Amino acid sequence: MNEQNLNKTNINWYPGHMAKTMKQVEADLKLIDIVIEILDARIPISSQNPEIQKLIKNKKRIIILNKCDLADRAKLDKWIKYYKDRGIKAIPVDTLKGVGLNKLVDECRNAVKDKMDALKEKGRKERPIRIMIVGIPNVGKSSIINKLTGRKSTVTGDRPGVTKGKQWVRLKGNL
């Protein structure tokens, strides 16, 4: 390949499936009430997709610090404070034991209480709170969904990409 052709080559480092997913997330944001972003409690910044924050903008968001049982508690408390100082609720969760999941349900209700009260005042019947669960591969999205449904709603695995695509699932707590 000569230098002239090399300069004309357009290299896209962003894989097509990731671009497709980001477009899907953006399109579905108008359908949901709150975003649940799942991070690994041991490495919250490294396990966060920086594009998600840009994409969701001002949508209500709760961060789940999953695998909290594997994290250093003092460092975990610092991360919780870090997010709190930025106006974001961060909840430590141990999916295997179910620790923190009830708090997640309560926080989802609190986050959209005003919206749900406004719908009631307009005479509309109560509807489930619609959430979007996002996160990079292997942070525990499917495990959390399965724990919240009380059944194996999504396939889990120890490698990335086991669960693919969008799913609507009814969770406990009218989510």
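Okay, let's start with a lining: by class, the second largest pocket is lined by 2 nonpolar, 3 polar and 6 charged residues. For the classes, Ala, Val, Leu, Ile, Met, Phe, Trp, Tyr, Cys and Pro count as nonpolar, Asp, Glu, Lys and Arg as charged, and the others, Gly among them, as polar.

Before I go on, the ground rules. This is a predicted model, with local features needing pLDDT of at least 70 and side-chain atom pairs counting only at pLDDT 80 or more, while totals for chains, interfaces and linings use all residues. Residues are numbered from 1 along each chain as its sequence is written, and side-chain values use heavy atoms, with hydrogens and water left out.

Back to that pocket. Its space comes to about 190 Å³. You'll want to know what a pocket is here: on a 1 Å grid over the protein atoms alone, a pocket is an open set of points with protein on both sides within 12 Å along at least five of seven lines, a cavity is a set of points where a 1.4 Å probe fits but cannot get out, and lining residues have an atom within 4 Å of a point. Grid points are joined across faces, edges and corners, and the volume is the space filled by probe spheres set on the points.

So who's in the lining? R109, N110, K113, M116, D117, K120, E126, R127, I129, G173 and N174. Two helices, α5 (101–111) and α6 (113–121), each supply at least two of the lining residues, and α6 gives the most, with 4. Helices here are DSSP runs of H or I, at least four residues, strands are runs of E, at least two, and both are numbered from the N terminus.

How many cavities of 30 Å³ or more does a search of the whole structure find? It finds 1. The largest cavity has a volume of about 40 Å³, and M116, L119, K120, R124, K125, E126 and R127 line it. By class, that's 2 nonpolar, no polar and 5 charged residues. If you're looking at the pocket list too, M116, K120, E126 and R127 turn up in both linings.

Let me zoom out for a second. The protein has 7 helices and 4 strands, and along the sequence the pattern reads α-α-β-α-β-α-β-α-α-β-α. Of its 175 residues, 37% count as buried, where buried means under 20% relative accessible area, exposed over 50%, and partly exposed in between, with a 1.4 Å probe and protein chains only.

Next, the aromatics. Rings of Phe, Tyr and Trp (its six-membered ring) pair if their centres lie within 6.5 Å; planes under 30 degrees apart count as stacked, over 60 as edge-to-face and the rest as tilted. That rule gives 3 aromatic pairs. One of them is Y82 with Y83, edge-to-face at 5.0 Å centre to centre and 85° between the planes. Y83 counts as buried because its relative accessibility is 3%, whereas Y82, at 29%, is partly exposed. Y82 also has R86 lying over its face, 3.6 Å from the ring centre; the test is NZ of Lys or CZ of Arg within 6 Å of the centre and within 35 degrees of the ring normal.

On to cysteines. The whole structure has 0 disulfides, taking a disulfide as a pair of cysteine sulfur atoms within 2.5 Å. C68 is buried at 14% relative accessibility, and C108 is buried at 0%.

Most residues other than glycine have a negative phi. K57, though, has a positive phi of about 50°; K57 sits in the loop between α3 (50–56) and β2 (61–66) and is exposed, at 61%. N138 has a positive phi of about 70°, and lies in the loop between β4 (131–134) and α7 (141–149), partly exposed at 32%.

Last bit: sequence distance against space. L70, in the loop between β2 and α4 (73–85), is exposed at 52%. From L70 to D94 it's 24 residues in sequence and 8.6 Å in space, C-alpha to C-alpha. A111, in α5, is partly exposed at 22%, and A111 is 49 residues from I62 in sequence but 8.6 Å away in space, again C-alpha to C-alpha.
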